[in-house]
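Here's a quick briefing to read with the model open in your viewer.

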Amino acid sequence: MQQKTPTATEAFSEAVRKGLTQYPKSLPSRFIYDARGDALFQRIMKMPGYYLTRCETEIFNRHKEAIASRFADTGSPFNLIELGAGDGKKTRLLLRELLRLDTPFSYMPVDISENALSGLVATLKQELPDLRCSPWQGTYFEVLREIGRMKDQRKVILFLGSNIGNLLHPQALSFLKELRETMGREDYLFIGFDQKKDPATVQAAYDDPEGITEAFNKNILGRINRELGGTFDPGKFRHWEVYDPETGTAKSYLVAGEPMRVEVRDLDLEVEFERWETIHTEISQKYDDRVVEWLAREAGLVIDGHYADSRGYYKDYLFRLA
Ligand SMILES: C[S@@+](CC[C@H](N)C(=O)[O-])C[C@H]1O[C@@H](n2cnc3c(N)ncnc32)[C@H](O)[C@@H]1O
């Protein structure tokens with residue numbers, strides 16, 4: 001496995017310092033994922049209200065032959081690069097199909113979480129021993145540089161689970177533009193976009209009665225305590241989810257229930273909270289065809305196919321260069 005970048009702890013420290021000293025406060029959602037965050041996300045994926053994983057699984061079960069054939073359509077070998085692979089459970093449906101087609105490819109899962117990546121590699125070794133796999137630990141942006149150097153090799157880039165929804169449109173657009181720069185004429189980009197739907201359905205996906213999403217959201221405070229000597233009492237914060245059906249943006253917050261002072265000892269930092277002050281932690285953007293077409297056009301890409309679940313809750317789109 002590629003080594004953890006030497007800057008991983010520094011990146012977390014920098015993000016915490018920046019996010020907690022600005023107003024309004026915020027912390028990037030990618031830092032929710034450590035071993036505890038990964039385990040909580042596994043539980044989220046099994047929640048009745050968290051429809052996203054089930055929808056994308058349904059899409060892959062229904063369309064795996066068509067999707068895998070498109071990936072393999074030039075017949076030339078390719079690298080299948082998955083950004084934010086997580087447990088790779090759904091991807092295994094596609095990997096199996098590609099192996100069945102006997103198409104020459106190698107799989108490169110990328111994830112910021114060392115824990116998620118090592119679990120994935122162990123499962124793949126057991127379940128798909130013939131798969132060629134080169135995992136990479138790092139952020140999407142770090143890996144973009146690496147992908148840029150692979151210009152002479154054909155690529156299919158996967159970005160599943162509506163991970164793109166963690167980026168607001170301007171960031172998503174610059175990310176797509178950067179991805180585009182790494183792509184050649186025969187390359188594909190395959191992205192899952194959660195669709196706009198009944199606001200109550202969206203809201204329920206991020207605000208479950210059992211409090212699993214709350215625990216997931218609060219894991220970022222636990223991580224600051226564990227890794228940076230923080231003194232957060234997560235019990236003093238409330239998990240709050242807001243979905244705006246007009247913009248399609250769902251936002252997660254942690255809201256301070258009382259005034260408090262928190263130390264982050266390793267950063268030599270003291271942070272004051274007023275009562276009801278917020279820390280914004282995550283964005284889960286929802287889309288429709290019009291917005292996806294706009295993003296593609298602005299990024300210099302075209303939609304070359306799309307695959308939906310039976311309820312039209314979720315869509316995976318195949319892009320190539322315009
Ligand atoms: C919502 S999970 C989705 C996992 C998987 N793609 C799926 O569809 O089930 C997001 C995954 O992306 C990883 N991740 C989040 N932000 C990241 C970033 N900026 N760079 C690399 N990986 C990231 C997390 O560690 C986590 O495993």
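**Between the domains**

Between domain 1 and domain 2 there are three residue pairs in polar contact, with both residues at pLDDT 80 or more. A polar contact here is a pair of N or O atoms within 3.5 Å; within protein, one must be able to donate a hydrogen and the other to accept it, and residues adjacent in sequence count only if both atoms are side-chain atoms. Keep in mind that this is a predicted model, where local features need pLDDT of at least 70 and side-chain atom pairs count only at pLDDT 80 or more, while totals for chains, interfaces and linings use all residues. Residues are numbered from 1 along each chain as its sequence is written, and side-chain values use heavy atoms, leaving out hydrogens and water.

**Who touches whom**

- On the domain 1 side that touches domain 2, α8 (199-205) and β11 (278-285) each put in at least two residues; helices (H or I, at least four residues) and strands (E, at least two) are DSSP runs, numbered from the N terminus.
- β11 gives the largest share of that side, four residues.
- By type, the domain 1 side splits into six nonpolar, five polar and three charged residues (Ala, Val, Leu, Ile, Met, Phe, Trp, Tyr, Cys and Pro count as nonpolar, Asp, Glu, Lys and Arg as charged, the others, Gly among them, as polar).

**Layout and buried area**

- Domain 1 covers 8-35 + 200-285, and domain 2 covers 51-195 + 287-321, with bounds from an automatic or database domain assignment.
- Taken over C-alpha atoms, the two domain centres sit 28 Å apart.
- About 1100 Å² is buried between the domains, and carbon and sulfur atoms give 58% of it; that's the accessible area (1.4 Å probe) the two parts lose on being put together, summed over both.
- Thr201, Ile283 and Gln285 supply 47% of what domain 1 buries against domain 2, more than any other three residues.

**Around the ligand**

- There are 18 residues around the ligand, and Gly84, Lys90, Asp111, Tyr140 and Gly161 come nearest (near means a heavy atom within 4 Å).
- Ligand nitrogen atoms lie 2.7 Å from a backbone N or O atom of glycine 84 and 3.1 Å from one of isoleucine 112.
- A polar backbone atom of glycine 161 is 3.3 Å from a ligand oxygen atom.

**Salt bridges**

- The whole structure has 23 salt bridges (a side-chain nitrogen of Lys or Arg within 4 Å of a carboxyl oxygen of Asp or Glu), but the count between domain 1 and domain 2 is zero.
- Glutamate 56 and lysine 90 form a salt bridge at 2.6 Å, N to O.
- That pair links distant parts of the chain, 34 residues apart: glutamate 56 is in helix α3 (residues 51-71) and lysine 90 in helix α4 (residues 89-100).
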